[in-house]
Amino acid sequence: IHTDRFLDCSNQKWVGTGDTIATTLSIESTIESLTPNQKYVFRVTPINNFGSGPEASITQQTMDVPSTAPTRLTVVSVTSNSFTITWNVVTDANKYDVQIKLASESTSAYQSVSNVVTAPPY
């Protein structure tokens, strides 16, 4: 809202010319199971008991699969029954699946050793 002067009820102060108060409420909807690297158009139409109002739309492209492998994969700590590894963040990844197998086993023997690791925000 942008106005000349009115009482802001949230803090009982008068707001003067040029002051702005945010009055927007947001609603969120998560759409899942989309295809990577595809453009989608989302449309939202408000509806009440009297019918449908004007729609709004936006085009957004989903992320593609991560473009590179993690770099600097390093073992930083080893004990008799554990180890700790680190790696550099892949900028277009938001999770990592950490897997392990015995060196003598085939590649099909890999098993996840933890829940999927969530990447830190970048």
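Me: What makes Ser33 count as exposed in this model?

Reply: In this predicted model, Ser33 has a relative accessibility of 78%, and because the word exposed is kept for values over 50%, Ser33 counts as exposed. Ser33 lies in the loop between strand S2, residues 13–15, and strand S3, residues 39–44.

Me: Is Arg72 called buried or exposed, and how do you know?

Reply: Arg72 has a relative accessibility of 65%, and since exposed means over 50%, Arg72 counts as exposed. Arg72 lies in the loop between strand S6, residues 56–61, and strand S7, residues 74–78, and Arg72 has a positive phi of about 55° although it is not a glycine.

Me: Why is Thr86 called partly exposed?

Reply: The relative accessible area of Thr86 is 35%, and because buried means under 20% and exposed means over 50%, with partly exposed in between, Thr86 is partly exposed. Thr86 lies in strand S8, which covers residues 83–86.

Me: Which residues does Thr86 touch, leaving out those up to four places away in sequence?

Reply: With those left out, Thr86 touches Arg72, Leu73, Thr74 and Val76, where a contact means heavy atoms within 4.5 Å. For Thr86 and Thr74 the separation is 12 residues in sequence, and their C-alpha atoms are 5.4 Å apart in space.

Me: How do you know that S3 and S6 pair, and in which sense?

Reply: Two strands pair if there are at least two bridges between them, and S3 and S6 have six bridges, so they pair, and they do so in the antiparallel sense.

Me: What makes S3 hardly covered?

Reply: Among the six residues of S3, the count of buried residues is zero, where buried means under 20% relative accessible area.

Me: Which residues line the largest pocket, and how do they divide into nonpolar, polar and charged?

Reply: The largest pocket, with a volume of about 240 Å³, is lined by Ser29, Thr30, Ile31, Glu32, Ser33, Leu34, Thr35, Pro36, Phe42, Gln60, Gln61 and Thr62. The lining divides into four nonpolar residues, seven polar and one charged.

Definitions and conventions
Residues numbered from 1 in each chain as written. Predicted model: local features only at pLDDT ≥ 70, side-chain atom pairs only at ≥ 80, totals over all residues. Heavy atoms only, no water. Helix = DSSP H or I, 4+ residues; strand = E, 2+ residues; numbered from the N terminus. Buried < 20%, exposed > 50% of the residue type's maximum accessible area, 1.4 Å probe, protein only. 1 Å grid on protein atoms, 1.4 Å probe; cavity = no way out; pocket = protein on both sides within 12 Å on 5 of 7 lines; lining within 4 Å. Points joined across faces, edges and corners; volume = space filled by probe spheres on them. Nonpolar A, V, L, I, M, F, W, Y, C, P; charged D, E, K, R; others polar.
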